[in-house]
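Here is a walk through one protein model, taken step by step. Have a look at the sequence and the structure first, and then we'll go through some of the details together.

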Amino acid sequence: RVPQVLSSTEEVVELYRELSQHPGLSTACLGPDVTTQYGGKYCSLYTEWSQRDLARAENVKFCRQYLIFHDGASVVYSGPAGTCSEIKGELLSRESPSGALKAVLRKVPGKEKEKEKQFLEVWDQNRKVKSIDLTALDKHGSVYDDDQFGCLAWSHSETHLLYVAEKKRPKAESFFQSKAPELGTSDEDAGRPEKEDAPLQVGSPCPGADGGHWGSHGADGAVLQGEQFVYHEDWGETLSTRSVPVLCALDIEGSSVSVLEGVPEHLSPGQAFWSPGDTGVVFVGWWHEPFRLGLRHCTNRRSALFYVDLTGGRCELLSEDTRAVWSPRLSPDRCRIVYLEHDALGPHQQCSRLRMYDWYTKHTSTVLEAVPRQAWGEYGPRGGRGGHGGVLSTTAFVPGAFPGIYCGALPGLCWAADSRRLVLDTAQRSQQDVFVVDTVTGTTTSLTADAPQGSWSVLTIDRDILVAKFSTPSCPPTLKVAVLPGAGQEAQARWVCLQDAPLVPGISWGIRTLRPPPEQEHPQYVGLDFDAILLRPSEGPAAQKPPLVVMPHGGPHSVFTAGWMLYPAALCRMGFAVLLVNYRGSLGFGQDSVASLPGNVGTQDVRDVQLCVERVLQEEPLDASRVALVGGSHGGFLACHLLGQFPDTYHACVVRNPVVNIASMVTATDIPDWCLTETGLPYTPDTLPDPAQWTEMLLKSPMRYVNRVRAPVLLMLGEDDRRVPPKQGLEYYRALKARGVPTRLLWYPGNNHALAGVEAEADGFMNMALWLLKHLWC
C-alpha cells in the first residue's frame, strides 16, 4: 500500500489558511533615546509587518511598537508596547533625522468618479501638522513608492522633503477635437506657461531669494495634437507605470512643491537624498538611451552616482559612468557615501563591490572587491543545521568567512555611529548572514556566526542599536535586537529576541553540499560545488517513504536561503519532502560560480539538479517512484528541461511563467540581454541575432526536448508578465497538448511574473497541491 499524505481538499485549504497567516516583517525604525528619572535609557522601536488576508484577497499592513531599554553596551530589557494596528493607505513613511517628525505618503480613494489621490503628510508626536494634496497641485504624475527609484528623504534641516514622481505629461488630443470658444480663457487654458516657483534654499524654513534651479518642469499648459497614442517606454516588469522619473521637493513651511531641474535628459533619477549641508541632491541615474531595459532584479544596468547643486543647477558625476551602481548611503557624520557597484550588463545579479566616496576629498575607494571564491578549509559547519541533513563534501566553508556581497540593496540605515563601520546582510551559500564592515581596513566580521543557522537580514541600525529579522524553513520571521560592540569586539554581539514566532511542527531540514563529478566540471572554473536545502516531514511512521518535490530557483542568478518560505513549508506539512537546489550559478558562492553558468544553461544547471535528486534518493528514505518538479521562471525552465532530459525520473510537474523557448522570448521580454547572455552570446543594444545564434538559443531551450515529455504538466501564467511573457507558457501548452501529454493551464489576470497577488498565490498553491496529489498517486 502506498503511504498517504494529507490529501483531503478541505484539510489542504485549512493548512494553507493557517500557514499563510504568519506575518512577514518589512521595516523597523528606532525613535530617539529617552533618559528616565533614574538615569536609565530607552527608545521606542516602530515595526511594520504584512499578512495575507484571504477573505479580503489582499496583503494587510500593520504596525507594532516595542520598548528597548539599554545601557549603550547591551539590551537590558525589551518588550512590546500595546497591540498591533492596521496601517491604511500608507505608501511610504520616514522619520525625520531628530525623530521629532514623521512624513507619510498616503493614497486616498477619490470621491465618486475622481481618480485616487496622493497626499504628503507631516506628523509630530501628537498630531498631523501638514496634509498636502499632491494630486491637486498637479506638478507631476504619481509619486513612486517602489524600492527601485522611490525615496522619501528629509533634508538635514528638517524643512524639506525629497521624493521621486512621474514627470507630468502635456495634455494630448485628437486632430479632430472640437475647439471650445476662446472667451475669458485663463492663462492655463490658453496654453501660456505657469509662473515659475520661487527659487528654493533648503537650509532655511522658507524659500530664499538667491539662485536656485527649481521651477515648473515638463508640461507648460500647451495641448499637443495627435500625440495621445505615442508609445512611452517604461522600466519593465513591476515598473510599467515608471517612464520618466523626476526629483521633487516639498517645502514644508510654505506647503509648495518644486520639481528639480538639472538632471540630464538621458537619465532616470532615483534613490535620492540630500547632500551634506543641504546644498543639493545626490541620486542614482540610470541611462535610458538607446532604450529602457527591465530593471526589477537587474542590478547590472548602466548607472552612476550624481550630484545636482541647488544653487547653480550644475549636475556632477560622482562615480564612474561605465558601471552599474545603486544603494548609496550617507554616513552619520555626512562625510562619506558608500554604494554598491558591479560591471554593466552580464549576469543580472552578481557579486558586488562596495565603494566609498569621500564628500570633501572627492576621492573614491574600493572597500570590498568581488569575491571569486569563498574561503574554504578543513572546518565543520556551524551548529544548528537543523534536522538530519549533512554536508557531503570533505571540506566546508570557514565559519564567518566573507562570501562577498549579494544583495538587492543595503539597509536604509546601515552605518554604525562611528561613521567608519557599516552593517549589511548577504547570502552566504544557502543561508543569509549579517556582517559588519570596517570601511577603513576592509575587514569583515560575522555578527551571526555563533547564532542559529537560517536567514538573517538587517532592518536598521541607529546609534549602534541593531534590529534584524530571522527565520528558518520551519520558523516564520522573528524580530531580534542587539547592540553593536566596539571596533574589534564585533563577534561578541548578543542577539535578544523581541518578537518570537512559534516553530511550525512537522518540518525537519538540513543543508547538503555537493560537488559535480569530474566529467561535469566547468573547464575554466574547476572545483566549484553547490548546495541544496532538504525539508522533510518529521512526523508520521518512520517506515513511511514520502514523495519528493524538487524545486530549482529562478534567476538563474539568485539563491534559496534557509529562511521561511510558504510553499515549501506547506508542502512539507502535507507530507512531501521538498528539495531546494542552489545549482552552480547561484548567488552566495563566489563570483566564479556566477560566471560559470552563462553559456551553459540547460546543461550545467540541469545536471546539477539531477545529480542532487539522484544523490538524495540514494541516501534518504524517499519514494523514488513519486518525484515531482515545481519551478518558476528559470526554475520553470529547469523543470521543463528535466522533464524532457530525464523523463523516467519525474512523474508530475508544476511550472509558473516558465522560460521554454529563449529564441522566441528574446523579442518579447523586457530583458532581451538575458536571452543572449545566458545562452553565452554577446549582447549590445543593436544586437540582431544571426541564424546560428537563433539556433543556439533554441538548442539551449526546453522546447528541444518536448517530444520526450511524459509527465503531466500544470502551467500557471500571469497575464501581465513582462519578464517571461505568457506566450512562452502557451507555446509549451500547445506543444504538450499536440503530443497528448496531460496538461492544464491557469491564467491569472492582473498578475505579473511573480504571481504574488494574494488570490493568485492561494489559488496557485491549491491547484499545485491537488495536481501533485492526483499525479503522484497520493
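**A walk through the model**

Let's start with Asp145 and Arg242, whose side chains meet in a salt bridge with 3.1 Å from N to O. (A salt bridge here is a side-chain nitrogen of Lys or Arg within 4 Å of a carboxyl oxygen of Asp or Glu.) Asp145 sits in the loop between α2 (134-137) and β10 (152-154), and Arg242 in the loop between β14 (223-225) and β15 (245-251), so the pair ties together parts that are 97 residues apart in sequence. Helices (H or I, at least four residues) and strands (E, at least two) are DSSP runs, numbered from the N terminus. Search the whole structure and you get 46 salt bridges.

A quick word on what you're looking at: this is a predicted model, where local features need pLDDT of at least 70 and side-chain atom pairs count only at pLDDT 80 or more, while totals for chains, interfaces and linings use all residues. Residues are numbered from 1 along each chain as its sequence is written, and side-chain values use heavy atoms, with hydrogens and water left out.

Now zoom out. The domain assignment, with bounds from an automatic or database source, gives domain 1 (23-88 + 401-502), domain 2 (113-170 + 233-370) and domain 3 (507-777). How do domain 1 and domain 3 meet? Here 24 residues of domain 1 are in contact (heavy atoms within 4.5 Å) with 27 residues of domain 3. Together they bury about 2000 Å², 61% of it on carbon and sulfur atoms; buried area is the accessible area (1.4 Å probe) that two parts lose on being put together, summed over both. On the domain 1 side, Arg429, Ser430 and Pro473 supply 41% of the area buried against domain 3, more than any other three residues. The rule also finds 3 salt bridges across this interface. Arg429 turns up again in a salt bridge with Asp531, where the closest N and O atoms are 2.9 Å apart.

Next, a pair of helices. Leu566, Tyr567, Ala570, Leu571 and Met574 in α3 meet a set of α11 residues, including Phe765, Met768 and Leu772.

Finally, some backbone details. The peptide bond from Glu289 to Pro290 is cis, with omega near 0°, and Pro290 lies in the loop between β18 (280-287) and β19 (303-309). The bond from Gly555 to Pro556 is cis too, with Pro556 in the loop between β36 (548-552) and α3. Arg334 has a positive phi of about 60° although it is not a glycine.
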